[in-house]
Amino acid sequence: TGRQGMVYKCWSPAYDNKEYVMKLFKKGKANSTFIKEVDAQRTAAEIGVAPCIIDFYVGGTDKSKGAQSYIVMEKCDQTVLNVIESQKGQLTDAQWEEIRTLYTKLETIPILHNDSNIMNLMMKWHPVCKFYLIDFGMSKRSKGNLETCFTLMRKRLISEEERVAAKHNSQ
């Protein structure tokens, strides 16, 4: 759930009966903004830093008429917050390195994600733990500052680790 719409788990025989996620956008989202988000996520998925898009539909921009735009993408297993909580407030060194690598790869495209927060960092078991960025609605096609983006995410994650660790220590 976010400013732009709702996210649902879905499955369909058309998508091999696997579980996917559908991001259903609010009516009235500008088609050019929607296409930009799809394009950025597809490009990021090609280098392994975002979930693959399976399907998408460009709906009408009139709030009272037309179908809503949507993106169907591969489903991630949990948020980084869930990972931190399950590990009693601590990401492993390998997980930190995976997150750092994610931002390093993103810099090569170049796409500036522009919405680095812990709810937009997801984890999927591939057979090993792999992190993905989601929600490319605020992204821009430009050379960003990798250190600034990663440092911002690192501060947010460390703060969350400390909060969760304190919660576990008090129990």
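Is F34 buried or exposed? F34 counts as buried, since its relative accessibility is 0%, and the cut-off for buried is under 20%. Keep in mind that what you are looking at is a predicted model.

View 1. Helix 1 covers residues 31-46, which makes 16 residues. An α-helix has 3.6 residues a turn, so residues three or four places apart point the same way. After helix 1 comes G48, with a positive phi near 80°.

**View 2. An aromatic cluster of F25, F34 and F56.** Look for three aromatic pairs in the structure. One of them joins F25 and F34 edge-to-face, with 5.0 Å from centre to centre and 85° between the planes. F25 has a relative accessible area of 0%, so this residue is buried. Ring pairs bring F56 into the cluster along with F25 and F34.

**View 3. Two tyrosines, Y57 and Y70, form a stacked pair.** Here the ring centres sit 5.8 Å apart and the planes meet at 20°; stacked means under 30 degrees, so that's the label for Y57 and Y70. Y57 belongs to strand 3 and Y70 to strand 4, so the pair ties together parts 13 residues apart in sequence. How accessible is Y57? Its relative accessibility is 37%, so Y57 counts as partly exposed.

**View 4. An open sheet of three strands, in the order 5-6-7.** The pairing in this sheet is antiparallel. Strand 5 (78-79) and strand 7 (129-133) are the edge strands: each has a single partner, so one side of each has no neighbour in the sheet. Zoom in on strand 5 and strand 6 (residues 121-125), and you'll find two bridges between them. T79 stands opposite M122 of strand 6. Helix 3 packs on this sheet, where it touches strand 6 and strand 7. The direction of helix 3 makes about 40° with that of strand 7.

Conventions
Residues numbered from 1 in each chain as written. Predicted model: local features only at pLDDT ≥ 70, side-chain atom pairs only at ≥ 80, totals over all residues. Heavy atoms only, no water. Helix = DSSP H or I, 4+ residues; strand = E, 2+ residues; numbered from the N terminus. Expected span 1.5 Å × (residues − 1). Phe/Tyr/Trp six-rings, centres within 6.5 Å; stacked < 30°, edge-to-face > 60°. Buried < 20%, exposed > 50% of the residue type's maximum accessible area, 1.4 Å probe, protein only. Pairing = 2+ DSSP bridges. Contact = heavy atoms within 4.5 Å. Axes fitted to C-alpha atoms, helices over the stretch in contact; angles between N-to-C directions.
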